[in-house]
Amino acid sequence: SSLFPPCSSVVCRASSPVFLGSIAGHPRFVGMALHSHFAGDAIRILFWIATTAALVAANRVVESGDLKDVPTLKSYSGQEFDFDVFIIGAGSGGIRLAKTLSREKDLKVGIAESRDFGGTCVNRGCNPKKTLVAASAFYTEIEQATANDVWEVAARLKWDKLQQFRAKKVSRVANFYKQGLVKAANVEVFEEPASVVGQHEIKIGSATKRVRLLVVCTGGKPRQMDIPGAELENVITSDEALELESKPKSMLVVGAGYIAVELASFFLQVGTDVTMAVRSSLLKSFDTDVSGIIEDSLLERGLKVQGDLPVEIVQAEDVLNVTMADGTLLQVEYVLQAIGRDPLTANLGLNTVGVNLDEQSKVPVNKYGQTSAPWIFAIGDIVAKGLELQPVAVKQADHLVKILLRGPEATTAPTLHPPVPPEHVATALFATPRAGSVGLTEQEADAKYPGNVTVLVEKTGPCCTPVFQWGLLKVLYHTPTERLLGIHIAGKGADELVQAFGIVMAFNPTWSGLQSALAVHPTATEYIVFMNKHKSFRKGKWRRSECSPCQN
């Protein structure tokens, strides 16, 4: 069986997963850079595929006997309401929900945001982060250009100009989202906090409003350390790290998750002396082969690692004296806390109507996103046991619209929590090298299907190989059925490429189906269709620590 039906048209052939994979340079073909016109073509092709993928996702519904207990936008008739739906939080999920509901012209929608429209992603996360790492990636281009003495390159990063560009871009995107809401005739926008004060009642500033249904999606904030000195000016979080007025000379990054790794990678590339305080291992939520190649790459580029966490920080003129748990004393200009995020739920007043938070202050919901108060729903990062990913909040908003707009006879509705199966979750890591994963990690697959997982993996580097050539291709599938369980890649262009694989995985393809695609040579991912158990396995010196000195 094949992943796509056979056809001879250019569009159909160009939409194969192999073609999509070909837009980025495989480590074995490092001279083939990812050019903008290829990226543009790939994006247009992705839109074509996404149309079909959306039909697959729309059909993934659940049969449920308790759907009748989930209200719609016609429920609670006979009562007077100021708003049919009110949304607290104008991040990615809240804005998506408000904009989609605004198409229903008979609805009255309200939305409150007390900080920045667009939320963390637009203002203090994905958007500014990618702007900065895209600039720093030029250093990798220089590494490649000067290899073998082919180019002479003299370049200097203008930090002030980079920050001006970042601020301008953030402001433009945030204003775009805000104006989109303001211009909607049936959406009322409030730039102040809102909270629950009673059944179907919320307080916005000094005014009390009655709402038919409420959706909370307030997102989170960076967690801070509880140690002496954590309040010092140069002890910062990711919020401040993205906006520093001058490039740091040295920095201690506390944490080992993807935010810590991405920021450590960025600052390393722009010339900061970076140390990471890591209690166990980097990127524990990622596949171990992905985390391994990222860790080795950072070490190769000069990262230093401390195996303990700070216990005290003291300001000493222009440096911070940081005492680690093992007694080691470090001197750095900045300490960056990247130890997780806390949900912004404390001031929502949910307890006034019986909605209790879990031990992490997150909001428990059922599979439809409904809280213990039937008229209140939650989406995004504040949802208990949910994934803290921007696309998850957006997908939850899309599903919630269908849930709330369903007809009175409906017996099915999309699942909001989770919005997609684990095998369909894709994510990109903007470290050096870039990485992308979709589906289960090898550890997760082994736990779910013990003894029934086939692992195919190929790697370029680390030993005696220039670091800019390092790369990884990895496929996991269920051995008895050949259903694909996960795809993991690292290398140049992997961050953009993973979206294509995310769409492919939404079709629940088989390994033989993926292999039936025609390879395009020489490209990034033709090696995926040629992988097999006879040659695609861990072999040789797999990690940097195993390498011997190289002979030039």
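Reader: Which residue just after H7 takes a positive phi?

Author: Asn148 does, with a phi of about 60°. Helices here are DSSP runs of H or I of at least four residues, strands are runs of E of at least two, and both are numbered from the N terminus. The model is predicted, and local features need pLDDT of at least 70, side-chain atom pairs count only at pLDDT 80 or more, while totals for chains, interfaces and linings use all residues. Residues are numbered from 1 along each chain as its sequence is written, and side-chain values use heavy atoms, with hydrogens and water left out.

Reader: Which residues of H7 are buried?

Author: They are Thr140, Ile142, Glu143 and Gln144. Buried means under 20% relative accessible area, exposed over 50%, and partly exposed in between, with a 1.4 Å probe and protein chains only.

Reader: What do the buried residues of H7 pack against?

Author: They pack against helix H6 (126-136) and helix H10 (258-269). Contact means heavy atoms within 4.5 Å.

Reader: And Trp151, is that residue buried or exposed?

Author: Trp151 counts as exposed because its relative accessible area is 57%. Trp151 sits in the loop between helix H7 (138-146) and helix H8 (159-182).

Reader: Changing topic: where is Asp289, and is it buried or exposed?

Author: Asp289 lies in helix H11 (residues 288-300). It counts as buried because its relative accessibility is 5%.

Reader: What is Asp289 in contact with?

Author: Leaving aside neighbours within four places in sequence, Asp289 is in contact with Glu442, Val457, Leu472, Lys474, Arg538 and Trp542.

Reader: On to the strands. Which way do the residues of E16 point?

Author: In strand E16 (residues 334-337), Tyr334 and Leu336 point one way and Val335 and Gln337 the other way. All of these are buried. In a regular strand the side chains alternate between the two faces of the sheet.

Reader: How many bridges join E9 to E16, and how many join E10 to E16?

Author: Strand E9 (residues 235-237) is joined to E16 by 3 bridges, and the two run parallel. Strand E10 (residues 250-254) pairs with E16 over 4 bridges, also in the parallel sense. Two strands pair if DSSP finds at least two bridges between them.
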